[in-house]
Amino acid sequence: MTELREKLVGEMERADFAAMDVIGRYNFISEFIMRECRGDIEAARKSAENKRQAYYLSAEFLVGRLIYSNLYNLGLLDDVATAMNEVGCDIREFEEIPDAALGNGGLGRLAACFLDSAATHDIPLNGYGIYYRYGLFRQDLSEGYQREKPDDWTRVGDPWSIRRDSEAVEVVFDSRTSVMAVPYDLPVFGYSDGKPKIGSLRLWQAEAKRPFDFKLFDEGKYAESVADAEFAGRISAVLYPNDNTRAGRELRLRQQYFFTSASVKDILRRFDKSRANTESIAADYRHLPELAVMQLNDTHPVLAVPELILRLTERGVAFRDALEIASRMFAYTNHTVMGEALEVWDAALMKSVIPDVYAVICDIQRELEYELTKIGAERGRMDIIDNGYVHMARLASFVAFAINGVAALHTEILKHDVLHRWYKIYPHKFSNKTNGITQRRWLGLANPGLARFITERIGDGWICDLDELEKLKRYADDKASLEEFANIKTANKLRLAKAIESRCGIRLSPEFMFDIQAKRLHEYKRQLLNAFSILDLYFGIKDGAIEEFTPTAFIFGAKSAPGYARAKGIIRYILAIADLINNDPELDKLMKVVFVPDYNVSWGELFYPAGDLSEQISTAGTEASGTGNMKFMLNGALTLGTYDGANIEILESAGSENNYFFGLRAEKLAEKLKKYDPREVYRFEPRIRRVVDTLAGKGSIKLSDGGCGIFAELYKSLLEGASWHRADNYYLLGDFYDYTDAKRQANLDYQDKISWAKKGFMNTVNAGRFSSDRTVKEYARDIWRV
């Protein structure tokens, strides 16, 4: 790529690149790359015509900051860095550029990894989502609790997206309400050391058909003159609007229908274009499944099912024929066993917002009734429309030709619990596709030191085939390699420590053990249990009960949904603990607690390479898979975890001797919970009572929730429960001792640096099965058949 670097340097000099500000330089480099690749981008679009394609419909694509990953996959990162150095600039300055705010957590990051893997391995996978104006939100913790602020990620421009006005489509909600869906195409650059490999992510922005009414404005009706633009703008403004109000629920419903309708119409447009010269378009739709398959990434895009049927019937296809076509085109990935995440919509709301689509769902319900009656099956808890609500997982399970879980345990739970009735009738639909991560982003780019270490020993084949890491096993007892591996970890910890000091004002020593929990904030992920264990250590050290302790930094990264009061309360509680411990001079050289604000992909690129201990402590049977656990494993962290999700497969791959597992397995825990009484545990276990009492303002230390009462609510949820759940619903107190014992053992074992390095090394060596390359190839082979 020397020729391209020379061309870039020439353009830099002509444009006085060094005199630009950081944003100007970022846009200059990004636009240069897009110009150079534009021909390849258009050629990739052209080559996809008339070929079978898979379409990945997802409410989120957490792509992160694009400039580094794009340059890495294009093989240009070092060239551009060198070119910038030649004009006196540093490519690291682009760390100031915000992440693309197009997702939230594992669901969106998985989708981004899949697109990366598909492009790298020439698998025809196209993403569809929403071009969010403000993403989820920017998290502010400066006042001791979470405050949500708009994440205006495009304020620096978006040079990577291509707006295509000519391919905009109209999305009609009802006879009076419609908006335009304008596509922004985000090229997905796969890894290549030659000609670029390019996939597609199409994101829809909602816009008014008439954004400004001059006549109304002249009449002094200023609000009305822009009402259509404001209505449309709300639809693609924010990811997951707070649905605690009816208005919020309606907005979410419009948002989901908006992107599914636009995507279905776009797929049909492509098909119509490919069949434009045939004598009967309507008759040809029976061939649509031969050219297109749609993967529903959880329940958010399930409205695509009735939308496709609706649009086919409008084109003259009989309803049952349209349903049969849909049943050969849709596959459904379930990502949760949580009841609240299996989306259910108020039927009256749906009927009022999208009446035509609701009518199609009613027709599908009648087909379901006919089908179940024909085979003599009971309808209980299988009706799509049930007691005035529309159940999206049931709709997907009935129509989709394939249903998959995302880890071996999760899939078994789907079969035998969550979707058991569907599995009994349609066992052939079910399969497992354990999640994965792209090693290019999470090792090659995020951890260049470790990447070089690996390549020096086994070559660079791992970049596209992560199973190659097994070749490193011959170095498992090589002391020099283990020392180098440990030094790389220390360097990564120093990098994270500098970022934390800059952002949070807290100084961490890289000699501390880095114990990290980074994931979406939810009660079942049990950040509260982690917080209790930290307080337990604090009390033990202060009392003298703990005499031997490895200095440790406990690091958190998490966002709570804006309307999730308990999750926000847990954040407030952890921040209060951090304030207590970080300001105790007796603990200064032993413990630090950091809650990093606004955790995102770019923070993840610092967290995962730096972690010594990876906290994966969800209640057994609640986490579908997890992918953060895989990222930590790949980068040489040890897992402190439960027998849940993909943790089990990590344990199988890397071994119990190289990780720390605790607690009961899901099936035994389910039995235990039938007789579990957390009040008895609280009453008879003083260590547990001491930490839990900090929520109630009891004991020697006082942690304040600012008078909002949320700590008392958390205390009550543990000991009394609520109308919708039992006391200590996620078994925090029951797992407390097993968890703290395992954590304490890990803390002591860390003192043997070479032994610890070998355990981390063996995690990296055995991470090959967790590549998203493997996962996407399985989807392509078993489900998409592309």
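Start by selecting helix α32, residues 753–765, in this predicted model. Its buried residues are W756, A757, K759, G760, F761, M762, N763, T764 and V765.

Next, move along to helix α33, residues 772–784, and pick out E778. Is E778 buried or exposed? Its relative accessibility is 19%, so E778 counts as buried, the cut-off being under 20%. Show what surrounds E778: leaving aside neighbours within four places in sequence, it is in contact with N432, K433 and I783.

Then select Y56, F61, F114, Y779 and W784 together, and you have one aromatic cluster. The model holds 38 aromatic pairs.

For another edge-to-face pair, go to F173 and F231, whose ring centres are 6.3 Å apart with planes at 90°. This pair links distant parts of the chain, with F173 in strand β6 (residues 169–174) and F231 in helix α8 (residues 227–235), 58 residues apart. F173 is buried, at a relative accessible area of 3%.

Last stop: show helices α13 (residues 319–326) and α15 (residues 355–375), which pack at about 85° with their axes 12 Å apart. That makes α13 roughly perpendicular to α15. Select F319, R320 and L323 of α13, then V360, D363, I364, E367 and Y370 of α15, to see the contact. Its residues divide into five nonpolar, no polar and three charged.

Terms used. Residues are numbered from 1 along each chain as its sequence is written. This is a predicted model: local features need pLDDT of at least 70, side-chain atom pairs count only at pLDDT 80 or more; totals for chains, interfaces and linings use all residues. Side-chain values use heavy atoms; hydrogens and water are left out. Helices (H or I, at least four residues) and strands (E, at least two) are DSSP runs, numbered from the N terminus. The expected span of a helix is 1.5 Å times one less than its number of residues. Buried means under 20% relative accessible area, exposed over 50%, partly exposed in between (1.4 Å probe, protein chains only). Contact means heavy atoms within 4.5 Å. Axes are lines fitted to C-alpha atoms, for helices over the stretch in contact, and angles run from 0 to 180 degrees between N-to-C directions. Angles under 35 degrees count as roughly parallel, over 145 as roughly antiparallel, 65 to 115 as roughly perpendicular and the rest as oblique. Ala, Val, Leu, Ile, Met, Phe, Trp, Tyr, Cys and Pro count as nonpolar, Asp, Glu, Lys and Arg as charged, and the others, Gly among them, as polar. Rings of Phe, Tyr and Trp (its six-membered ring) pair if their centres lie within 6.5 Å; planes under 30 degrees apart count as stacked, over 60 as edge-to-face and the rest as tilted.
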